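Here is a friendly walk through a pocket, a helix and some aromatic pairs. Have the sequence and structure open as you read.

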Amino acid sequence: MPNGQLSPAGRAAALARLAGTEYDVLVVGGGVTGAGAALDAATRGLAVALVEMRDYAAGTSSRSGKLIHGGLRYLEQFDFGLVRESLRERRLLLKDLAPHLVKPIRFLYPLRRRLWERAYVGAGLLLYDTIGGAGALPRHRHLSLRAVRRLAPGVRGSGLIGAITFYDAQIDDSRHTLELVRTAAAHGAEVASAVKVVGLETSGGAVRGAHVRDLESGEPFTIRAKHVVNATGVWTDGVRGLAGGRPGFTVQASKGVHIMVPRERIRSDVSLFVRAEDSVLFVRSWRRHWLIGTTDTAWTAGLDHPAATSADIDYLLRNVNAALETELTRDDIDGVFAGLRPLIRDREATGAGTTSRLSREHAVETSVPGLTTIAGGKYTTYRIMARDAVDAAVKGLGRAAPPSRTESVPLLGAVGYAETRARAAGLAASAGLTPARIDHLLGRYGSLTEDLIAMIIERPELGRPIEGAPDYLLAEAVYAVTHEGALHLDDVLTRRTHIAIETRDRGAAAARAIAPVIGAELGWDGERVRQELGFCLARIEAELAAQRLPDDESAMAARDAVRDPRLRVADGERL
């Protein structure tokens, strides 16, 4: 896939090659860490394969807080090394690796206590400005009460004495992960989604590949590799357990829930940093919405479809409302999503405890020859995690390989981004689109926007907005299938776009509009279109039902009533 295009025909060819080739490294897991590892290994000149059980970024990497940040609260825990490393990565992403997907975002930190709080927070932000990516973003500033009222009149005035503003960065997480996959493919990695590892191939006491199953056709086959990298996030222990041995750490899943409310519901020109009962909340701008989160609670239920509960939503509303003049209600919520963080727990640790204090650092371990596991960490440091995993894998190859070079490998959409943006007016005129539409596309695809413009010029009907989600064009739904590896309707609504969390009906109208359009690209007949649409609408109802229930157990029972088609194939169910 020299151009990184992930088409239906390309997937079929990739599966044939996966079954007939021996690779240096097989990466299991298509989240940000696995995608980063595939890119790291491919750019070192290794023969690399990447497989993902469902869709790229289907787990944690599409359900993050969508921030690239050092972590202010880690300063309070004196974890200066993690903050420094994170801020250096933030600078790289902003300036070089993905400037089209990573954008500065200004936060306001309200102050309600007298002198000591301003001094304490200001000292922390001074460190934040200087210890890592100094100069990448503007420095923090102190504001008077009057300035705060002008900038954020929606912040509760009771007890307010002023504020401090500071900058961090925001990312479109699922699009970033997808572009990592495509960039890895462009550098020679063989990639395929809907491929589940069901066993590990061993020889002479070492792992030498994986037994897998294509979750679209149900067909099994084997991928041979000199070394396997397990980058499966919260599924880490299950995949590692296929090889036996006694690992030095386990993974504790922690649930994080976010809600979306319309921008007009909070009167502020900047995003907000809010102290919560046991942690912090970020109220950050996200296109036409505010994205509010997150929770941080231990999770012991099923890993495939974490469900937000009524208690999770109440927690977010209660804590954000403590900082606002006009309270938000459930009727204000347009979208909800829940994700699971893969936190490291030492093998000897006991007790459930609170996940908010578990380490956000990562761990790499080769528990048996031929199998390296990478887990933990945070989205911002994915590149460091990927580098460390591939370094460990290379040691097991029996031959030298160059060091990591991903620090200087921009993603596909970043290559030529500035030049493409400079031609924005001409692109708009050629496709009959408004400048605002072109700006939207550039912020999602970077220089790859030209691919979509070419599609619209060839098929002008694709320049129309999607019914029920007018911020997006039909071309984006088609492109998701022809270039970005989408295999199901949910892949388009939830990860290639964010329609499922940005529209009041959770994407129901858009699903009806695009199902026949993408079905034509995927070769679906009328019955298959009806099946896909039925699943999507049922999923929406299941998630809404879960959000009305009080606890994880009952919410999961409601959510699990509608399962991803790929997981049903994995369990041998008929579709």
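## A pocket and its surroundings

In this predicted model, the second largest pocket has a lining of 14 residues, with H100, K103, R287, G443 and R444 lying nearest its centre. A pocket here is an open set of points on a 1 Å grid over the protein atoms alone, where a 1.4 Å probe fits and protein lies on both sides within 12 Å along at least five of seven lines; lining residues have an atom within 4 Å of a point. Helices (H or I, at least four residues) and strands (E, at least two) are DSSP runs, numbered from the N terminus. The largest share, 5 residues, comes from α13. The volume of the pocket is about 350 Å³, taken as the space filled by probe spheres set on the points, which are joined across faces, edges and corners.

Now to helix α13 itself. Its buried residues (under 20% relative accessible area, 1.4 Å probe, protein chains only) are R437, I438, H440, L441, L442, R444 and Y445. Just after α13, G446 has a positive phi of about 60°.

On to the aromatic side chains: the whole structure holds 8 aromatic pairs. Rings of Phe, Tyr and Trp (its six-membered ring) pair if their centres lie within 6.5 Å; planes under 30 degrees apart count as stacked, over 60 as edge-to-face and the rest as tilted. Two of the pairs are set out here.

| Pair | Centre to centre | Between the planes | Kind |
|---|---|---|---|
| Y109 and F273 | 4.8 Å | 20° | stacked |
| Y445 and Y479 | 5.6 Å | 90° | edge-to-face |

Y109 sits in strand β4 (residues 102-111) and F273 in strand β12 (residues 271-275), so their pair ties together parts 164 residues apart in sequence. Y445 in helix α13 and Y479 in helix α15 (residues 474-482) are 34 residues apart, and both are buried.

How far can you trust the model? The protein chain averages a pLDDT of 93, and 96% of the residues score at least 70; pLDDT is the predictor's confidence in each residue, from 0 to 100. Over residues 349-359, pLDDT stays under 50.

Residues are numbered from 1 along each chain as its sequence is written, and side-chain values use heavy atoms, leaving out hydrogens and water. Local features need pLDDT of at least 70 and side-chain atom pairs count only at 80 or more, while totals for chains, interfaces and linings use all residues.

Terms used:
Contact = heavy atoms within 4.5 Å. Buried < 20%, exposed > 50% of the residue type's maximum accessible area, 1.4 Å probe, protein only.
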